Amino acid sequence: MNEIITNGAEIKQRILSEINNATQSIYLAMAWFTDRDIATAIIEAKTRNVFVDVILSSNAQNETVKTMLRGSNISVHAFETGDARGIMHHKFCLIDSKISINGSYNYSYNASNNNVENIHVSDNLNIYQQLFSEFERLKYNIDHNIGVNEVNTIPENTPPITQPMNNIETFAQQLQNLVYSAAQVNCDNYKKKGYDTSKESQGNIDIFRTEYDRIKEEIRAHATDEGLSSIRNILASNILNAFESTKAGLEAEKQNGIIVATKDNDLEKRQILVRINEAKEQKLILESGNTNTGERGLLQINKDIEKNKLERKALEQSFVVKKFWTAGTKLIAGLLFIFLCYLCIFFSSALYKMLFESDTIRVALEAGINPGLPKLVDANAIIKIFRQQGLPFGFIAMIFFLFPILLSNLKLLGSKNERINNLLFWVGLLVFDVVVAAMIAINTDEIKSLLVGKESTLAIWEVVKHGEFWMIFIFGTIPLIITHYLIENIVNAYKGSLIELIDGEKNKMIKILDDELIELNFEKEDTTTKIKDKQTVIDEFNDKILNLEKEINNQQNQIEAKYAELQKQIKNIYDEFNAKIISGRIFTDVILDSVSSAYKSGYIEHLPEYYSTEEVANRVKEIEQIITNK
């Protein structure tokens, strides 16, 4: 069955029909429920011993029907009115573990009379099970005050929903109805006849006895009437068909129960397996890390710990105190002495040319002596300064070369400020030498102009065009660079020869590695704990899987046992009815008991209208004795 209905009035009639035909269970989840006709049908189903369970949304319009249902002892689960966490907007009804009714139709008068609605009526067990699982989830959320949208797994200790089983009574009643139908006996007519006779005779006991005997003989005549053999055959065939139909129905019901239980179990297992896989992925990341996000795992931490230990071991073995005065150090010291002497001569010559040489040339020219163009670098400049300017200027000229050396080697002398060290390094190597070269180039041009009797017109920015500038710059810069690295080598050799300096540096680096190792071990311990926690979670979920497998086996066994017992009971009922049909006792035992009971009930029903309570009790007692003795 797979039907779509779109007419509001037809939808309502179909819903009422399905509810009125329900024999076992009704599960209803409804957003708006105001139709009292449908509510009354559900209440009547409850009076037929149909199991009813209802979920309503958080809507004030549902209060009237909610009160009606609860007043009839029907279980109603409703989200609190005004709950802002979301609305339960479902509209479905599940009947007898097979029929599902789902669609846009609310159980309201407006939906049946005014709106354009639809429902889908189906006997597909997969659809039924999916909606039933959603019903159970919503009911669990309501009962535990959880939001409508939150997905929760029902705890293992939640008892399964049990449906009342009235199959035995239904089957027995069905067989009795077949018997009454075959014998054309209507118990309601006998009850009415009893009431009318009691009314006419004013409850006379003798009249009851006479009429009861007549009814009994009338029924017994059916048992001996040879013309009833065809009725017996038809009746036997009918109850056999009823038996086979009921047996098939129980088998289908059993299989459906197993499917429902299995679906629930599988759904919960799938949810647990998803969480197991999530925990395993998280554990794998904790163990091996994540290359995509750069997250470190235990594997990387262990590698870093081993690397730290190897670095520490190598560090302890790498620092060796060396002798300072080795052949290489002596050679470097000799070269450094030569370059220092060269720089002393070079920069003292530069100082002489910048400050004094032009004046000396000018004095000679005024005396009528042409000294000629002087050398670019004067090796006797220091001596000339001492003679001409005295001891102070001579001493300054002799140590003038130390200024660029100190500026370019400030770092080696212990300065810790990197920005200042870098700035003064370039000042000492380039800026200082550029200024000196430019001044000498200007002084040389001025001397040339004096020798030819002209004024020098060389501007400061034009010095780069003169060869003297580049010669002074190159012969000053290159020796300064070489001197810088010679000094650096000597300083490093000296530091390498100091055991306390070596030990201090080594201990400092070892301490850094030790601190890093402490952090790595702490991180390793924390990660290991997290891995153990994840494994515990995985083990717990695996235990739940095993428990679910045991639980579904137990449920299946219980269902099998329950329906095996039901099959046995209906077989006993069938065998008993069949034996009575074959022997003819079906009329004397079944029909007579029912007819006499109906007649007695009608007869007694009228007694209180004529007699007191005590007298009614006495006459009822006499009537019971008549029936018992007969």
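## Before we start

A residue is called buried under 20% relative accessible area, exposed over 50%, and partly exposed in between (1.4 Å probe, protein chains only). This is a predicted model, in which local features need pLDDT of at least 70, side-chain atom pairs count only at pLDDT 80 or more, and totals for chains, interfaces and linings use all residues. Residues are numbered from 1 along each chain as its sequence is written, and side-chain values use heavy atoms, with hydrogens and water left out.

## Salt bridges

A search of the whole structure turns up 24 salt bridges (a side-chain nitrogen of Lys or Arg within 4 Å of a carboxyl oxygen of Asp or Glu). One of them joins R312 and D514, at 2.7 Å from N to O. R312 belongs to helix α10 (residues 298-318) and D514 to helix α17 (residues 499-583), so this pair ties together parts that are 202 residues apart in sequence. Helices here are DSSP runs of H or I with at least four residues, strands are runs of E with at least two, and both are numbered from the N terminus. D514 is partly exposed, with a relative accessible area of 25%, and R312 is partly exposed at 26%.

K12 and D37 form another salt bridge, their closest N and O atoms 2.8 Å apart. K12 sits in helix α1 (residues 8-20) and D37 in helix α2 (residues 36-47), 25 residues apart. K12 counts as buried at 10% relative accessibility, while D37 is partly exposed at 39%. There is also a network of salt bridges that links E3, R14 and E18.

## An enclosed strand

Now have a look at strand β5 (residues 91-95): five of its five residues are buried, so the strand is largely enclosed by the rest of the structure. K91, C93 and I95 lie on one side, with F92 and L94 on the other.

Strand β2 (residues 25-30) pairs with β5 in the antiparallel sense over five bridges (pairing requires that DSSP finds at least two bridges between two strands). Here Y27 stands opposite L94. β5 also pairs with strand β6 (residues 99-103), again antiparallel, over four bridges, and C93 stands opposite I101. Three residues separate β5 from β6 in a hairpin, and D96 in the turn has a positive phi of about 55 degrees.
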